Amino acid sequence: MKIGLFCDQYYPVISGVVVSMKNLYETLESMGHECYIVTCNKLRNHEFDEEIMSKRIIFIGKIDYPFEACKDYHFSIFDKHYVKRIGELNLDVIHVNSEFNISKIARKVHKKYNTPVVYTLHTDWTNYFSTIFPVTGKIFKNFYTFLLRNLFTKKLAAISDKVILPTEKMYQYLDVYGIDKSKTIIIPTGIDMQRFENENINFDEVEQLKKQYNLQNKKVYMFLGRLAKEKNIPTIIKAFKEAFKYDNDNDKVLLIVGGGPILKDLKEEVSKLDIENKVIFTDMVPIEKVPTYYRLAYLLLSASTSETQGLTYAEAMASKVPVLAQKDPCLNGVIIDNKNSFLFDGFYDFVKRLKELDKLDDEKLNQIKEKAYLTSRDYTKEVFAKKVEQVYIEVINKNK
């Protein structure tokens, strides 16, 4: 098959959607399919030159938004040239992974060439409005939702033969976005598990990172991901301080791995709380180094309720690092509390569980690690790609 993967973002931006599309591209190619990425990102970091050059990518002209929270998003310049160029590829199916500007190009290609469309609803956008529009997001939430539905999601879903949801959590938003439930199918996003296996980890680099961040003989609590408002990272920082404020041994550290628009704000928060000696920021790290960073962690922490799946949970579990996460519908069937990882419900429960898990005995911890690893095997990129391939075959046959 010839497959077009459409998304507003690609490298050097790193997000769950970008990683999902990258894994899908590579696995489908290994299965013998011919894939193309259509995006409006332009290369801004030579570190990713090889990644960009290794794939068939069509860059759509774009204009950057003037908002700091939207710096990784762009307004795509519609041009008939792009529609013609994509149409000449004779794609068997279009797979749209974001609702906004690139989806307009996808709709034009579908209309002119009658190419079947599959759409993945990755994101609960209603939770992002207050992040993208800090001043007006909460006040005009209903208005923004109305625009989202009528200008983007409803139109995209209308031309789609199938809508993929990463978890059952997304069912609750279908009416909000104007999506027909009968079109939907749940397929959890897959990850590249091989990257996290022991044989693919450079343990000399792990030791170098320990020296670099002065982590020797310290218990490392970690957040890993994009530093954005919806991730609720200040709650992690405050809970960490509250849980260990009477710890005089100074043997625990919070390592915040990643970059993003609120990095400066988080550093100011840490300074205000006077815990600069216990919180370390790495800023953005190369994606190929992420498995190495997981090997530094005792626990991965997450206080987010904005995730529709949360790939970092599965990545950590694949690295045999248990997760302590805010209870959320997206984790149903993924994290089983006290079996393969841990859940908390609210700030004070978060603090309580941090204290409890700090004293977890080695035997129990090792049992949790093994069960976490076994759980992660259900989310391989190969399982994911085969399920998506079946969706493609179904919609292509339907259109024939």
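This is a predicted model: local features need pLDDT of at least 70, side-chain atom pairs count only at pLDDT 80 or more; totals for chains, interfaces and linings use all residues.

Residues are numbered from 1 along each chain as its sequence is written, and side-chain values use heavy atoms, with hydrogens and water left out.

- Seven strands make an open sheet in the order 3-2-1-6-7-8-9, with parallel pairing.
- Strand 3 (57-59) and strand 9 (184-186) sit at the edges, each pairing on one side only.
- From one strand to the next, the twist averages 20°.
- Strands (E, at least two residues) and helices (H or I, at least four) are DSSP runs numbered from the N terminus, and two strands pair if DSSP finds at least two bridges between them.

**Strand 1 and its neighbours**
- Strand 1 (residues 2-6) has four of its five residues buried, so it is largely enclosed by the rest of the structure; buried means under 20% relative accessible area with a 1.4 Å probe, protein chains only.
- Five bridges link strand 1 in parallel to strand 2 (residues 34-39), and Gly-4 has Tyr-36 of strand 2 as its bridge partner.
- Strand 6 (residues 93-96) also runs parallel to strand 1, over four bridges, with Ile-3 opposite Val-93.

**Strands 7 and 8**
- Strand 7 (residues 117-120) and strand 8 (residues 162-165) run parallel, joined by three bridges.
- Val-118 stands opposite Lys-162 in strand 8.

Terms used. Buried means under 20% relative accessible area, exposed over 50%, partly exposed in between (1.4 Å probe, protein chains only). Axes are lines fitted to C-alpha atoms, for helices over the stretch in contact, and angles run from 0 to 180 degrees between N-to-C directions.
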